[in-house]
Amino acid sequence: MKAENKIFALVDVNNCYVSCERVFNPKLNNVPVVVLSNNDGCVVSRSAEAKALGIKMAVPVYQIQDLIQQHNVQVLSSNYGLYTEMSKRFMNILGQFVNDEEREIYSIDECFLDFTSYQNLFDLTDYARKIIQTVNQWLGIPCCIGIGRSKTEAKIANHIAKQNTYLNGVCNLVTMDPCASEQLLAQMPVNEVWGIGRNHHKSLNQINIFSVLDLIESNPKHIRKLFSIVMEKTVSELQGISCIDIEQDAPCKYQIISSRSYGQLVYALEDIKASIRLYIARAVTRLRADQSLCRMVGVFIQTGRFGNNEKYAPYTAITLNEHTDDLLSITQAATYAVETIYKAGFKYKKAGVVLLQLQAKQNFVPDLFCDLAQRQSRSKLSDTLDNIQKRFGHHFVSIGLPQDDAATWRMKQNLCSPAYLSNWNELLRVK
C-alpha cells in the first residue's frame with residue numbers, strides 16, 4: 001500500500017498522572033490537582049482546573065504555595081507503580097481494537113495505532129470514539145485521539161483534539177473540511193510539531209515560518225537544505241506523506257540509567273550502598289523486560305550542586321566477565337564500584353547506576369569456557385525473583401536492601417497515594 005494511503009491514530013491520556021489518581025479518589029474530581037516530581041520538587045502533571053489557575057508545567061512547588069493555599073489545590077507525590085500498572089491496562093485495551101503489529105507504545109500514556117486496514121470497514125471518527133468510550137468505561141481515564149495520514153499529522157491532530165472540546169476528544173484531519181483544518185493549523189505555533197525544539201523554532205521563525213500551516217506550505221527540499229533530512233521528513237509527514245512507520249520492536253537501548261536525588265543529605269557509605277542496590281534492581285528489571293544483557297556497570301555519586309560546600313562527583317565503571325542480566329552479579333559489581341569512589345566527609349545528594357554495552361539476549365553467544373550450569377541456575381533464580389515481585393510487589397523480596405521507608409536516602413514522597421494495584425496492604429477498601 002502506498003504511503004499516501006496510510007492512516008494513523010495517536011491515543012493520549014489526558015493529564016495522565018492526575019487522571020490515574022482520580023480513578024481511585026473521586027474527591028479529586030472537578031478540583032485543581034497537581035502531581036509532583038521526584039522528591040516532591042516540581043509540577044509534572046496538572047488537572048484542567050490547575051492549568052486554569054495559571055500553574056505551569058515543571059514549576060517548583062515552593063513557587064506556587066500561595067496559589068495552592070488560596071485555591072485549595074490538591075498536591076500529590078508521583079505514584080509511579082500506580083501509573084505504570086494503569087498504563088499496562090490502557091495499552092491492553094487499545095490492543096482490542098488493532099493487531100499487535102498495528103500498535104506502537106510510544107510512552108506511558110501515548111500509543112500510535114495503524115488504522116490503514118480499517119478505513120474501508122469503519123467510520124474512523126466513530127471507531128476512535130468507541131475506543132475513548134471503552135477506555136473510560138473499563139479504566140475510568142479520559143483520553144483524546146488524533147487521526148492523520150502520518151504519525152506526525154496524527155500527533156498534531158491529537159493536540160487539536162485536546163485544545164478544542166467541541167471535537168469531543170477526536171480530531172480526524174483526514175476527513176475534516178480543509179478550510180476548518182487550515183484555520184486550526186494557522187493558529188498553532190510551529191513548535192507544537194513533533195520533533196521541533198527550541199533551536200529549530202527560532203530558526204524557522206527567522207525564515208517566516210511561525211505556524212504549523214506555514215511549515216506545511218513550505219518546500220520539503222528547501223527545508224532539507226536549510227536544516228536536515230529529518231526536518232524534510234517532518235514537512236512531508238505534515239503534508240500527508242507517511243515517512244515514519246509503526247515500530248513493532250523498539251531498538252536495543254545504548255544504556256539504562258537509574259538514579260534519584262536523596263530525600264536528605266547522606267553521609268554514610270552503607271546508606272549509599274543501600275540506595276545503589278535499589279537502583280540496580282530497577283535497572284535490571286528494565287534490562288530483563290527489554291530482553292537485553294549488559295557487559296558494564298557504571299556508578300556515580302554526587303554532592304549537592306548548591307551551597308558553599310566542597311563538590312565531589314566521581315564516576316566509575318566495572319566490566320563484567322560476560323554479558324548478563326543476573327541481578328546478583330550486577331549488584332555485586334555496583335557495590336564494589338561505589339566502595340572505590342566513596343569518600344567520607346562529603347554530603348551526598350544523589351546517586352545512580354548505568355548499565356552499558358547492552359546486547360539483545362537473542363543475539364548473545366556464551367563464551368566457550370563459561371560455566372553454563374551456573375548461568376542457567378542464576379537465570380532460574382532471576383526468573384523466580386521476577387515472578388515473586390510481579391505477584392507480591394517490588395518490596396516483597398530484595399537483595400541486601402533493608403525495608404526502611406524512612407531511610408535518609410529514600411526519595412521524598414510525603415504526599416503519595418496508596419499503591420492500589422500492586423500492594424495487598426493498600427488495596428482499595430469499600431465500607
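This is a predicted model: local features need pLDDT of at least 70, side-chain atom pairs count only at pLDDT 80 or more; totals for chains, interfaces and linings use all residues.
**The largest cavity**

- The largest cavity has a volume of about 40 Å³, and the residues that line it are V13, C16, C20, Y83, M86, S87, F90, I108, D109 and I141.
- Both α1 and α4 (80–94) supply at least two residues each to this lining, and the largest share, four residues, comes from α4.
- Sorted by class, the lining of the largest cavity holds eight nonpolar residues, one polar residue and one charged residue.

**How α1 and α4 meet**

- The axes of α1 and α4 come within 10 Å and cross at roughly 90°, and because angles of 65 to 115 degrees count as roughly perpendicular, these two helices are described as roughly perpendicular to each other.
- On the side of α1 the contact is made by Y17, C20, E21, V23 and F24, while α4 contributes Y80, L82, Y83 and M86.
- Divided by class, this contact between α1 and α4 has eight nonpolar residues, no polar residues and one charged residue.

**The second largest pocket**

- Two or more lining residues come from each of β1 (8–13), α1 (16–24), β3 (43–46), α2 (48–52), α5 (124–138), β7 (143–148) and α6 (151–163), and α1 gives the most, with five residues.
- The lining of the second largest pocket divides into 13 nonpolar, 13 polar and seven charged residues.

- L167 lies in the loop between α6 and β8 (170–172), and L167 counts as buried because its relative accessible area is 10%, where buried means under 20%.
- Leaving aside residues up to four places away in sequence, L167 touches R129, I160, A161 and M176.
- The C-alpha atoms of L167 and C144 are separated by 9.6 Å, and these two residues are 23 residues apart along the chain.

Notes: Residues are numbered from 1 along each chain as its sequence is written. Side-chain values use heavy atoms; hydrogens and water are left out. Ala, Val, Leu, Ile, Met, Phe, Trp, Tyr, Cys and Pro count as nonpolar, Asp, Glu, Lys and Arg as charged, and the others, Gly among them, as polar. Buried means under 20% relative accessible area, exposed over 50%, partly exposed in between (1.4 Å probe, protein chains only). Contact means heavy atoms within 4.5 Å. On a 1 Å grid over the protein atoms alone, a cavity is a set of points where a 1.4 Å probe fits but cannot get out, and a pocket is an open set with protein on both sides within 12 Å along at least five of seven lines; lining residues have an atom within 4 Å of a point. Grid points are joined across faces, edges and corners, and a volume is the space filled by probe spheres set on the points. Axes are lines fitted to C-alpha atoms, for helices over the stretch in contact, and angles run from 0 to 180 degrees between N-to-C directions. Angles under 35 degrees count as roughly parallel, over 145 as roughly antiparallel, 65 to 115 as roughly perpendicular and the rest as oblique.
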